[in-house]
Amino acid sequence: MNRLQTIAIALGSVALAFCLGLIGGFLWGGHRQAQIDEGEAAKISEEHAVAMANATERYREAERNGQRAAASIEAVRQQEKENATKQMEVLRGQLRTGAERLSVAIDAASAAAAAENAGAGDREARADLLPEAAERILDFAREGGDIVRDLNACVDKYHRTEQMMEEAGEH
């Protein structure tokens, strides 16, 4: 072998080693990059899972708070209804015994004779209701009161929900 062939073989070997080194480095670098990417993906996935868990817990806490608020509003409504029913029953009893009477204003011209006989003077002319009629009016009043309490409770629940939504939006 001559000197030129030896140099060519040496250069070829160096070039081959250099190419093999590049290929090996590229493959190892790609593998390493894949590991880094997997690690970053796992980190992002873990951070996402933690964020989702935190958001879920905040949602569930808000839901529990909303349920407690609704239950509180409902308890107040029920207590008010029970108190109104008790008051209504007391009034009914007083109407039945005659201890209490309900009356309505009447036309003064129609009652002029009654007013003269009673010596009422400037007082407003009134007519007493029969106890049965007074009880029917009380039934309407009770139903109306129940409806008003139900609607007020609905409005209170709406406002509480609106408040909770605003608070949740701040976080």
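Trainee: Where in the chain is confidence lowest, and where is it highest?

Mentor: Confidence is given as pLDDT (the predictor's confidence in each residue, from 0 to 100), and the mean over the chain is 79, with 72% of its residues at 70 or more. Among the helices (DSSP runs of H or I, at least four residues, numbered from the N terminus), confidence is lowest in α2 (residues 112–118), at a mean of 58, and highest in α3 (residues 131–170), at 87. Because this is a predicted model, local features need pLDDT of at least 70 and side-chain atom pairs count only at 80 or more, while totals for chains, interfaces and linings use all residues. Residues are numbered from 1 along each chain as its sequence is written, and side-chain values use heavy atoms, without hydrogens and water.

Trainee: Which residues lie nearest the centre of the largest pocket?

Mentor: A pocket is an open set of points on a 1 Å grid over the protein atoms alone, where a 1.4 Å probe fits, with protein on both sides within 12 Å along at least five of seven lines; its lining residues have an atom within 4 Å of a point. Here R58, A62, E63, M164 and A168 lie nearest the centre, among 18 lining residues, and α1 (3–97) supplies the largest share, ten residues.

Trainee: Is R149 buried or exposed?

Mentor: Buried means under 20% relative accessible area, with a 1.4 Å probe and protein chains only; R149, in helix α3, is buried at 16%.

Terms used:
Helix = DSSP H or I, 4+ residues; strand = E, 2+ residues; numbered from the N terminus. Buried < 20%, exposed > 50% of the residue type's maximum accessible area, 1.4 Å probe, protein only.
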